[in-house]
Amino acid sequence: LIPIYRMRHSGAFEPELHNSTFTSGNALSFAFFLLLLSTLYTNVSSLASSTDSSDKGGLCFQMRALHKIIPRQPAHWVGDGFNVYPVFGRHAFSESLSPWLMFDYAAPKHFPPTTAQRGVGQHPHRGFETITIAFQGEVEHGDSVGNRDVIGPQDVQWMTAGRGVIHEEFHSRNFAKTGGTFEMCQLWLNLPKKNKMAKPRYQPLLNKDITVEEIADGVKVRVIAGTVGGTTGPAKTFSPVELWDINVEKKGTKVELDVPEDHNVILFVRRGMIHVGESEVGPQSVAIMERQGGKVIFTTDERNSQILLLGGEPLNEPIAARGPFVMNTQDELRQAMVDYQTGKLGR
């Protein structure tokens with residue numbers, strides 16, 4: 001039996017067995033055939049390896065794959081002023097989203113005029129940061145370390161709770177008096193262990209101070225944190241973070257975004273619809289991207305689609321969360337509760 005080889009589509013070789021008489025007369029021919037076969041196999045293997053390496057260095061390697069889609073979650077009320085979608089659902093406070101922890105989004109909703117204060121009264125925080133973006137309407141903030149402010153449409157309030165604050169947030173008095181459409185979101189961003197007891201800090205990031213980078217025709221990115229092209233956002237952060245507010249004017253636009261490799265990347269569709277690879281991501285849904293690779297690519301399915309990109313370097317630290325406190329251990333959570341109950345938190 002002489003093994004005669006044929007090449008499969010995969011590039012590997014497998015034997016087919018044929019009956020044949022193997023005599024000394026054809027031994028030399030067969031040896032020569034095997035030499036040619038060996039050379040061919042080596043060349044094919046090198047070609048496959050070269051192609052694979054090229055793919056890894058090209059678009060296939062650079063483009064991030066889709067890891068998971070989180071569909072739109074049921075909305076619920078927080079206080080009497082914020083009817084929100086808990087965007088991350090059961091994935092909140094997980095390492096797969098680090099350094100981001102939680103995301104509440106209040107879709108556009110009309111509120112009639114009132115003399116009441118709508119919102120959430122005093123409550124504590126320790127160990128992380130809250131980022132509030134007012135898309136429509138106004139949000140009024142006050143805290144135990146003396147910060148009081150109102151943010152309006154497209155403004156951002158970046159509050160570092162650090163070692164602890166007690167704060168409150170409402171519709172602004174003026175907005176409550178006139179009524180109107182209200183839309184906002186609040187994000188919770190974890191602090192590295194070494195910064196969890198940092199001094200509380202408040203950053204009002206007004207719309208006029210947030211640069212818009214037009215990365216392609218009809219694709220505009222408000223850079224709140226991180227860097228897009230030559231633009232770096234105004235937010236001061238404790239770890240590398242991206243927060244980009246993206247507006248795409250045209251349907252069918254392919255958007256390509258460069259994000260540092262090994263950063264987690266989350267795409268939230270605030271309005272419209274996009275495709276990530278073959279998967280559709282609709283309003284108030286989230287696409288979590290694979291961590292490997294740098295380039296994030298999606299295509300818009302509707303005009304004026306609006307997307308928030310959340311990115312960041314994973315902290316790779318334990319997450320211990322209970323209510324308004326996010327620490328690294330259960331003992332630290334218990335201490336936070338004791339400090340709050342004894343009046344030590346928020347000074």
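Histidine 123 is found in strand β7, which covers residues 119-125 of this predicted model. With a relative accessibility of 17%, histidine 123 counts as buried, because the cut-off for that class is under 20% relative accessible area.

**Surroundings of histidine 123**

- A polar contact of 3.4 Å links the side chain of histidine 123 to the side chain of histidine 125.
- When neighbours within four places in sequence are left aside, histidine 123 is in contact with Val165, Ile166, His167, Glu168 and Glu169.

**The seven-stranded sheet**

- Seven strands make up an open sheet with antiparallel pairing, and their order is β3-β24-β21-β26-β19-β16-β15.
- The edges of this sheet are taken by β3 (66-70) and β15 (212-216), each of which has a single partner strand, so that one side of each is left without a neighbour in the sheet.
- On average, and with direction ignored, neighbouring strands of this sheet are turned by 25° against each other.

**The four-stranded sheet**

- A further open sheet consists of four strands in the order β20-β25-β22-β23, again with antiparallel pairing.
- Its edge strands are β20 (254-258) and β23, each of which pairs on one side only.
- Neighbouring strands of this sheet are turned by 35° against each other on average, with direction ignored.
- Strand β22 (residues 274-276) and β23 run antiparallel and are joined by three bridges, and valine 276 stands opposite serine 279 in β23.

**The β9-β10 hairpin**

- Strand β9 (residues 139-143) pairs with strand β10 (residues 148-151) in the antiparallel sense over four bridges, and glycine 142 has arginine 148 in β10 as its bridge partner.
- The two strands β9 and β10 form a hairpin with four residues between them, and in the turn glycine 146 has a positive phi of about 100°.

**Helix α4**

- Helix α4 comprises twelve residues (residues 330-341), which at 1.5 Å a residue should span 16 Å; the end C-alpha atoms are 17 Å apart, which agrees with that expectation.
- Leu333, Ala336 and Asp339 are the buried residues of α4.
- Seen down the axis of α4, these buried residues fall within an arc of 125°, so they line one face of the helix.
- The cover over the buried residues of α4 includes β27 (320-322) and β28 (325-327), whereas Asp331 and Gln341 are exposed on the other side of the helix.
- Just after α4 comes glycine 343, which takes a positive phi of about 80°.

**Backbone features in loops**

- The peptide bond leading from serine 98 to proline 99 is cis, with omega near 10°, and proline 99 lies in the loop between β5 (82-86) and β6 (100-111).
- Glutamine 284, a residue other than glycine, has a positive phi near 65°; its place is in the loop between β23 (279-281) and β24 (286-289), and at 7% relative accessibility glutamine 284 counts as buried.
- Asparagine 316, also a residue other than glycine, has a positive phi near 55°; its place is in the loop between β26 (305-312) and β27, and with a relative accessible area of 57% asparagine 316 is exposed.

**Glycine 230**

- The place of glycine 230 is in the loop between β17 (227-228) and β18 (231-232), and at 75% relative accessibility this glycine counts as exposed.
- From C-alpha to C-alpha, glycine 230 and glutamate 213 are 8.4 Å apart in space, while in sequence the two are 17 residues apart.

How values were computed. Residues are numbered from 1 along each chain as its sequence is written. This is a predicted model: local features need pLDDT of at least 70, side-chain atom pairs count only at pLDDT 80 or more; totals for chains, interfaces and linings use all residues. Side-chain values use heavy atoms; hydrogens and water are left out. The expected span of a helix is 1.5 Å times one less than its number of residues. Buried means under 20% relative accessible area, exposed over 50%, partly exposed in between (1.4 Å probe, protein chains only). The arc is that of the directions from the helix axis to the C-beta atoms. Contact means heavy atoms within 4.5 Å. Two strands pair if DSSP finds at least two bridges between them. Axes are lines fitted to C-alpha atoms, for helices over the stretch in contact, and angles run from 0 to 180 degrees between N-to-C directions. A polar contact is a pair of N or O atoms within 3.5 Å; within protein, one must be able to donate a hydrogen and the other to accept it, and residues adjacent in sequence count only if both atoms are side-chain atoms.
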